[in-house]
Amino acid sequence: MTIFLMPSLVLVIHCQRKRVDLPSNHIPASLCSFQDHCCVLYSIVGWNSVVGPWSRVEGTPCDPNPNKPFAKIQSVPLFNMAGKLNPSITILGCNVQVPGEVIILNSVVLPHKDLAGSFKNQIIL
């Protein structure tokens, strides 16, 4: 069962939320867990994933400007000229364990990973 709280916030039943900063523009899957004081912004969180206490999982919004008539989403390449991942939303695959007090910024984390530190603009295989 899915609950829509506001236009860009979706909660899925069986997610465990403790004292969490109100997430913005994120989509959690079933059975995920958000620990105390974590912050999740512009992200997709996979099944059985855990975001540890005082962690931040954040992506970069890439929505069109709603104030412009005929607004379109501009398609940017996945990588820049230096070979780095261009900023976009953050995606955590299923069974990803984000430890406490780390930042995951503009990254894609493939399933079944136990992260050990902070990451920025990376694809974690």
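Predicted model: local features only at pLDDT ≥ 70, side-chain atom pairs only at ≥ 80, totals over all residues.
How many disulfides does the structure hold? The count is zero. The sulfur of Cys 38 has its closest cysteine sulfur in Cys 39, at 7.5 Å. A disulfide requires two cysteine sulfur atoms within 2.5 Å. The sulfur atoms of Cys 38 and Cys 39 are therefore too far apart for a bond. Cys 38 is buried, with a relative accessibility of 0%. Cys 32 is likewise buried, and its relative accessible area is 0%.

The overall architecture is built from strands. The secondary structure comprises 14 strands and zero helices. Read from the N terminus, the order of elements is β-β-β-β-β-β-β-β-β-β-β-β-β-β. The protein has 125 residues, of which 34% are buried. Among contacts with a separation of 6 or more, 25% link residues 24 or more positions apart.

Strand β6 covers residues 39-45. Val 40 is one of the residues found in this strand. At 0% relative accessibility, Val 40 counts as buried. Val 40 is eleven residues from Val 51 in sequence. In space, the C-alpha atoms of Val 40 and Val 51 are 8.6 Å apart. Ser 43 also lies in β6. Its relative accessible area is 2%, so Ser 43 is classed as buried.

In general, most residues other than glycine have a negative phi. His 37 is not a glycine, yet its phi is positive, at about 60 degrees. This residue sits in the loop between β5 (33-34) and β6. With a relative accessibility of 28%, His 37 counts as partly exposed. Asn 48 also has a positive phi, near 55 degrees, and is a residue other than glycine. Asn 48 is located in the loop between β6 and β7 (50-51). Its relative accessibility is 34%, which places Asn 48 in the partly exposed class.

A further loop, between β7 and β8 (56-58), holds Ser 55. Ser 55 counts as buried at 2% relative accessibility. What does the side chain of Ser 55 have 2.5 Å from one of its polar atoms? The backbone oxygen of Pro 99 lies at that distance. One set consists of His 37, Cys 38 and Cys 39. The other consists of Val 98, Pro 99, Gly 100, Glu 101 and Val 102. Ser 55 thus touches both His 37, with its positive phi of about 60 degrees, and the buried Cys 38.

Charged pairing is limited to a single case. The structure holds one salt bridge. Glu 58 forms it with Arg 56. The closest N and O atoms of the pair are 2.7 Å apart. Arg 56 is partly exposed, with a relative accessible area of 32%.

Strand β12 spans residues 108-109, and Val 109 lies in it. Val 109 is buried, at 2% relative accessibility. Thr 90 is 19 residues from Val 109 in sequence, and the two C-alpha atoms are 8.1 Å apart. Setting aside residues up to four places away in sequence, Val 109 touches Ile 91, Leu 92, Gly 93 and Val 96, among others. Its contacts also include Ile 104, Leu 115 and Ile 124.

Leu 78, Phe 79, Leu 110, Ile 123 and Leu 125 make a nonpolar patch of about 480 Å². Leu 125 lies in the segment after β14 (123-124). Leu 125 is exposed, with a relative accessible area of 70%. Exposure requires over 50%, so the value of 70% for Leu 125 falls in that class.

Terms used:
Residues numbered from 1 in each chain as written. Heavy atoms only, no water. Patch = residues over 30% accessible without salt bridge, like charges linked within 9 Å, V, L, I, M, F, W, Y side chains within 5 Å. Areas by Shrake-Rupley, 256 points an atom, 1.4 Å probe, with all protein chains shown as cover. Salt bridge = Lys/Arg side-chain N within 4 Å of Asp/Glu carboxyl O. Helix = DSSP H or I, 4+ residues; strand = E, 2+ residues; numbered from the N terminus. Buried < 20%, exposed > 50% of the residue type's maximum accessible area, 1.4 Å probe, protein only. Polar contact = N/O pair within 3.5 Å; in protein donor to acceptor, adjacent residues only side chain to side chain. Contact = heavy atoms within 4.5 Å.
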